[in-house]
Amino acid sequence: MSLIFEPKPTPVVEISGSKQKFPVNRIYCVGLNYIDHVLEFGEDPKKVRPVYFMKPADAVIADGHNVPYPAHTKNFHYEVELVIAIGKRGSNIKESEAEDHIYGYAVGNDLTRRDMQISLKNKGMPWGPSKGFDKSAPISAIYPANIIGHPKKGRIWLSVNGVIKQDSNIDQMIASNSKIIAELSELFVLEPGDLIYTGTPSGIGAVFAGDQMDAGIDGIGTLMNRVV
Ligand code: MN
């Protein structure tokens with residue numbers, strides 16, 4: 001086969017304790033998956049169901065790297081999230097077998113043009129560019145499940161310039177990791193290399209050029225990025 005041009009290299013994420021990298025296939029995201037965040041969005045947790053959307057695979061940006069403040073927003077938001085890294089293909093995966101498909105876990109930041117998201121949402125239009133823009137998916141190294149296990153609880157937090165803004169626990173997720181994998185695998189064939197950002201707790205807010213975002217999940221790892 002001859003290609004008309006040389007394709008871009010596959011985006012990769014570091015693997016903790018290894019020289020090998022994790023090649024990224026797709027990035028799925030879950031919205032509205034913590035009760036406290038659903039409430040801060042003014043929605044009714046009884047009526048809301050977790051929503052799925054995507055970011056491009058090459059939106060990943062590594063720990064320690066700078067995030068350029070994007071165009072077309074005046075309200076650029078952080079969202080700390082637990083990220084699942086898929087290591088095994090599957091569709092219609094049973095909840096009871098979902099963990100077999102998990103390679104590992106990471107700390108992610110689902111960066112958002114909040115003003116654009118709200119404006120498009122209010123018009124009933126798709127809000128893709130408010131979420132799926134370049135460098136919108138900071139991610140820590142991936143911590144393999146065969147080393148750290150499958151964490152079910154642990155503090156999840158994010159600070160801006162050292163001031164804590166988000167502080168919750170991953171046991172507050174509405175849909176569990178296994179439930180998310182079961183539901184997503186009915187919509188898409190999950191492939192090794194897929195990343196799933198599993199939703200953010202309350203405390204979302206704006207950052208500006210010069211700000212430092214530190215985030216972490218106890219039992220997993222940490223993530224730092226500066227906005228420039
Ligand atoms: Mn999010």
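## A first look at this predicted structure

In strand 10, Arg113 is the bridge partner of Phe76. That pairing is a handy place to start, and please keep in mind that the model is predicted.

- The bridge between Phe76 and Arg113 belongs to the antiparallel pairing of strand 7 with strand 10, which runs over 2 bridges.
- These two strands sit in an open sheet of 3 strands, ordered 10-7-16, with antiparallel pairing.
- Strand 10 and strand 16 (205-206) are the edge strands, and each of them pairs on one side only.
- As background, strands of a sheet pair through backbone hydrogen bonds, in either a parallel or an antiparallel way.

**The manganese site**
- Glu79 (OE), Glu81 (OE) and Asp110 (OD) coordinate the manganese ion at 2.0 to 2.1 Å.
- Along the chain, the donors of the manganese ion have the spacing E-x1-E-x28-D.
- Glu79 is in the loop between strand 7 (76-78) and strand 8 (80-86), and Asp110 is in the loop between strand 9 (102-109) and strand 10 (112-113), so this pair ties together parts that lie 31 residues apart in sequence.
- Glu79 has a relative accessible area of 4% and is buried.
- Asp110 also counts as buried, at 1% relative accessibility.

**The nonpolar cores**
- The largest nonpolar core has 40 residues, and Ile180, Ile181 and Ile196 have the most contacts inside it.
- Elements that give two or more residues to this core include strand 3 (27-31), strand 9, helix 5 (177-187) and strand 18 (221-227).
- Strand 8 gives the most to this core, with 4 residues.
- Setting aside neighbours within four places in sequence, Ile180 is in contact with Val30, Asn33, Tyr52, Met173, Ala175, Ile196 and Thr198.
- Another core, of 20 residues, lies apart from the largest one, and Val60, Val83, Leu120 and Trp127 are among its residues.

**Strand 13 and its partners**
- Strand 13 pairs with strand 14 (residues 163-169) in the antiparallel sense over 6 bridges, and Ser168 in strand 14 is the bridge partner of Ile156.
- The two strands form a hairpin with 2 residues between them, and Asn161 in the turn has a positive phi of about 50 degrees.
- Strand 13 also pairs with strand 17 in the antiparallel sense, over 5 bridges, where Trp157 stands opposite Gly216.

Definitions and conventions
Residues numbered from 1 in each chain as written. Predicted model: local features only at pLDDT ≥ 70, side-chain atom pairs only at ≥ 80, totals over all residues. Heavy atoms only, no water. Donors = N, O, S within 2.8 Å, 3.2 Å for Na, K, Ca; no water. Buried < 20%, exposed > 50% of the residue type's maximum accessible area, 1.4 Å probe, protein only. Pairing = 2+ DSSP bridges. Core = buried A, V, L, I, M, F, W, Y, C linked by side-chain atoms within 4.5 Å. Contact = heavy atoms within 4.5 Å.
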